[in-house]
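Here is a short briefing on one protein chain. Keep the sequence and the 3D view open as you read.

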Amino acid sequence: MVLAASRRSILAEQRKPRSKTRQRRSQKKPPWTDDLSWEERLADVVTPLWRLSYDEQLELKQNHQLKILSQLSGHQSQSLSPARGELSFPVLPILPSPVRDSYRNKSTFSVNRGVDGNPKTVGFYVGTGRQGNIVCVNGDHLLNMPEKHNLVARCYQDFLRLSSLEPCLLFHTGGHWREVTVRTNTEGRTMAIVYFHPQSLTPEEVAVHKADLVDYFTQGPGSVCQLDSLFFQESSMTRCTHEESPYQLLHGQPHIYDEVLGFKFRISADAFFQVNQAAAEVLYDTVRDLCVPNTEKGRERTKVGGNLLDVCCGTGAIGITISPRMDKIIGIELIEQAVEDARHNAAFNNVLNCQFFSGKAEVVLPGLMSQLSSTGGGLTAVVNPARAGLHPRVVRALRNQPSIRRLVYVSCKPDGEAMRNFRELCCKPDPQKKLTGDAFSPILAVPVDMFPHTLHCELVLLFER
């Protein structure tokens with residue numbers, strides 16, 4: 001397998017101490033001073049690594065992942081587990097993003113007071129609500145932001161300033177217009193979702209302003225955005241699902257599509273899709289090779305077989321991209337709309353060996369285990385949870401299912417709750433925590449840079465037992 005080819009040399013290399021010169025080079029970010037422009041301040045908040053070369057960014061992220069993973073040492077069940085702080089498994093060099101600038105396919109722009117005090121300013125926040133010093137700054141200069149997203153944001157700001165309604169800065173102070181989300185695909189198709197607080201307006205009064213919005217973006221100055229979809233969601237909550245308050249299609253198509261590893265995926269207004277499509281291909285290719293080790297050269301390969309359990313499957317991207325190599329794939333996802341998208345995506349791509357179930361993983365998973373175990377063949381699990389990590393009951397169900405011999409964990413925040421998950425997967429059996437199954441061992445870690453110019457990256461961690 002390509003990913004494991006250089007494990008020993010990498011393991012030896014990562015145990016070497018970092019030089020002081022390399023440490024100093026990763027600390028180029030200057031302190032916050034009044035000499036900085038508002039654009040620089042915003043760039044420091046949204047893209048804090050923008051001053052570093054891309055190679056320097058990758059080095060910083062690699063070292064950060066090594067530091068995080070060192071916390072896992074000393075929590076393994078084997079008597080030969082390494083000393084605390086010393087890794088027993090290799091961390092491969094971080095895989096770079098093929099696209100480094102303007103890579104985001106989803107951006108949410110806030111509305112608040114700008115540098116000039118205008119409350120109808122669309123952009124991103126500098127400062128915090130707790131300190132009462134929020135300033136909304138236009139994001140045209142941000143390296144990760146596509147021009148199309150900035151164009152929609154500028155037009156939305158223009159629309160707000162023409163509207164007779166005030167923006168909703170704080171729910172209890174009134175106002176109506178809230179943020180706008182822009183989604184695009186690799187073909188340039190564009191979806192905009194406008195969020196609105198109805199306050200005490202009647203449905204008839206809201207309809208008038210919806211019509212104004214449609215007219216502005218289809219017939220007026222906003223037509224330059226060439227929106228393929230315009231959605232509207234009215235809600236008195238900060239965030240709510242489609243079920244709680246439906247996304248209303250005011251103009252255009254209900255979905256846009258994007259492609260990953262030769263498969264097409266439908267993107268609904270609230271569907272999860274990786275924000276960097278090019279890097280998503282790198283991520284999913286890595287996950288695929290870890291779930292089903294590649295023993296053949298070249299891209300073409302025959303089916304290996306076995307079953308895959310895809311927990312927190314979203315719109316089915318991981319399971320569908322792995323499907324040619326597996327006998328059966330079962331996906332579990334909390335958001336019903338995402339499950340609908342996953343089923344559509346499987347049918348659209350003529351993938352017949354995937355099933356998707358909606359519900360909390362900790363509730364659905366135990367009932368599926370007997371079904372998966374009875375089908376024969378090996379069982380591999382892949383989990384791709386949100387930042388909050390897996391529910392303890394999900395970890396217990398995975399740990400206590402002996403037929404799962406291989407588990408791939410994709411984490412966007414491994415230094416958070418995910419680390420608790422890692423430790424509970426690897427610790428000695430603990431009847432008090434109901435962790436009775438044999439422990440997993442970390443075998444290999446692969447960082448993937450999904451978010452150039454930021455501190456974040458994805459970490460793919462392979463466990464076996």
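This is a predicted model: local features need pLDDT of at least 70, side-chain atom pairs count only at pLDDT 80 or more; totals for chains, interfaces and linings use all residues.

Leucine 58 is buried, with a relative accessibility of 11%. The cut-off for buried is under 20%.

- Helix α4 runs over residues 54–69 and has 16 residues.
- From first C-alpha to last, α4 reaches 23 Å, close to the 22 Å expected at 1.5 Å a residue.
- Of the 16 residues of α4, 13 are buried, so the helix is largely enclosed by the rest of the structure.
- Which residue lies 391 residues from leucine 58 along the chain, with 7.7 Å between the C-alpha atoms? That residue is aspartate 449.
- Valine 448 is 390 residues from leucine 58 in sequence, and 9.6 Å from it in space, C-alpha to C-alpha.
- Valine 448 belongs to strand β15.
- With 0% relative accessibility, valine 448 counts as buried.

**Salt bridges**

- Side chains of opposite charge can pair when their charged atoms come close.
- How many salt bridges does the structure hold? The structure holds 13.
- Aspartate 341 pairs with arginine 266 in one of these salt bridges, and their closest N and O atoms are 2.9 Å apart.
- Aspartate 341 lies in helix α9 and arginine 266 in strand β9 (residues 263–267), so this pair ties together parts that are 75 residues apart in sequence.
- Are aspartate 341 and arginine 266 buried or exposed? Both aspartate 341 and arginine 266 are buried.
- Arginine 178 and glutamate 179 also meet through their side chains in a salt bridge, at 3.8 Å from N to O.
- Arginine 178 is buried, at 4% relative accessible area.
- Glutamate 179 is buried as well, at 12%.
- Asp140, Glu147 and Arg154 are linked in a network of salt bridges.

- Glutamate 424 forms a salt bridge with arginine 420, with 3.9 Å between the closest N and O atoms.
- Where do these two residues lie? Glutamate 424 and arginine 420 are both in helix α12, four residues apart, which is about one turn of the helix.
- An α-helix has 3.6 residues a turn, so residues three or four places apart point the same way.
- Glutamate 424 has 12% relative accessibility and counts as buried.
- Arginine 420 has 25% relative accessibility and counts as partly exposed.

**A charged patch on the surface**

- What kind of charge gathers in the surface patch of Glu243, Glu244, Glu336 and Glu340? The charge of this patch is negative.
- Glutamate 340, a member of the patch, is in helix α9, which spans residues 336–348.
- Glutamate 340 has a relative accessible area of 43%, so it is partly exposed.

**Positive phi angles in loops**

- Most residues other than glycine have a negative phi. Two residues to look up here have a positive value.
- Glutamine 199 is not a glycine, yet its phi is positive, about 50°.
- Glutamine 199 sits in the loop between β5 (190–196) and α6 (203–218).
- Glutamine 199 is partly exposed, with a relative accessible area of 31%.
- Lysine 434 is not a glycine either, and its phi is positive at about 60°.
- Lysine 434 sits in the loop between α12 (417–426) and β15 (441–448).
- Is lysine 434 buried or exposed? Lysine 434 is exposed, with a relative accessible area of 54%.

**Another loop residue**

- Isoleucine 134 is in the loop that joins β2 (121–126) and β3 (135–137).
- Isoleucine 134 counts as partly exposed, with 26% relative accessibility.
- Isoleucine 134 and valine 115 are 19 residues apart along the chain, and 9.7 Å separates their C-alpha atoms.

Definitions and conventions:
Residues are numbered from 1 along each chain as its sequence is written. Side-chain values use heavy atoms; hydrogens and water are left out. Patches are made of residues with over 30% relative accessible area and no salt bridge: like charges are joined within 9 Å, nonpolar side chains (Val, Leu, Ile, Met, Phe, Trp, Tyr) within 5 Å. Accessible areas come from the Shrake-Rupley method with a 1.4 Å probe; for residues, only the protein chains shown count as cover. A salt bridge is a side-chain nitrogen of Lys or Arg within 4 Å of a carboxyl oxygen of Asp or Glu. Lys and Arg count as positive and Asp and Glu as negative; His and the chain ends are not counted. The place of a charge is taken as NZ of Lys, CZ of Arg, CG of Asp or CD of Glu. Buried means under 20% relative accessible area, exposed over 50%, partly exposed in between (1.4 Å probe, protein chains only). The expected span of a helix is 1.5 Å times one less than its number of residues.
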